Protein chains: 2
Amino acid sequence: MSEGTAPAAGDAASVADEAARERLLYLRGSIDNLDAALVHLLAERFKCTQQVGELKARHSLPPADPAREAAQIARLRRLAEDARLDPAFAEKFLNFIIGEVVQHHRAIADRAVNSGDAKPV
Amino acid sequence: MSEGTAPAAGDAASVADEAARERLLYLRGSIDNLDAALVHLLAERFKCTQQVGELKARHSLPPADPAREAAQIARLRRLAEDARLDPAFAEKFLNFIIGEVVQHHRAIADRAVNSGDAKPV
């Protein structure tokens, strides 16, 4: 078959590659939108945990709270199942965030002790 | 001072503790709401990356893409700064998610190779 009449096998492959490339860009656009939303929700979550940290430091409460964490993990695993997200990943995710938060709370508590702002126990 | 006329120092402390306890519950309610939103956005993000993984496997593209990841990290650090979230944490968060996604992509690619579904390179 001569050039320009019908697509050759190589052309069909390059059309498929171009369609795949477009689909990849489309999906990456959605991923970028979701990441922006995730970052803003995380910023809001840290505003809340910052306040919790200050409250705990003022009232000399321990930075970590295992019973609360266990309840959070059980709840997030249930929510993940409903949303068809791997519950093990949801648990890893929460542990990752909590690890960061507890570090922040320790830093707030240390600052409060150093400034004499903590309530004596 | 007799009981019932004016709060003693111990009562004032317990009123402060009660107010702190209420404030803690209030903040935890917000944290739980934000976590539910985060889990649902993550579920949506994994739906997108699952499709990316299948597309990459069909077109024999590598599971990891360092140039794309560098661009994502730079963008999320900028967004985090605007939202007053620690940019270093935003980067750690994205690396945590990408690590999980690349594992998923490798699993999808392995399944595609085993089933003979991958496009030959």
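**Where chains A and B meet**

Between chain B and chain A there are eight salt bridges, each one a side-chain nitrogen of Lys or Arg within 4 Å of a carboxyl oxygen of Asp or Glu. Take Asp35(B): its partner is Arg45(A), with the closest N and O atoms 2.6 Å apart. Keep in mind that this is a predicted model, where local features need pLDDT of at least 70, side-chain atom pairs count only at pLDDT 80 or more, and totals for chains, interfaces and linings use all residues. Residues are numbered from 1 along each chain as its sequence is written, chains are lettered from A in the order in which they are written, and side-chain values use heavy atoms, leaving out hydrogens and water.

Now for the interface as a whole. Chain B puts in 47 residues and chain A 47 residues, contact meaning heavy atoms within 4.5 Å. About 5,000 Å² is buried between the two chains, 73% of it from carbon and sulfur atoms; that area is the accessible area (1.4 Å probe) that two parts lose on being put together, summed over both.

Then there's the largest nonpolar core, with 60 residues. Such a core is a set of buried (under 20% relative accessible area, 1.4 Å probe, protein chains only) Ala, Val, Leu, Ile, Met, Phe, Trp, Tyr and Cys residues joined through side-chain atoms within 4.5 Å. Leu85, Phe89 and Phe93 of chain A, along with Leu85, Phe89 and Phe93 of chain B, touch the most other members. Look at Phe89(A): beyond its neighbours within four places in sequence, its contacts are Leu42(B), Phe46(B), Phe96(B), Ile97(B) and Glu100(B).

Methods
Buried < 20%, exposed > 50% of the residue type's maximum accessible area, 1.4 Å probe, protein only.
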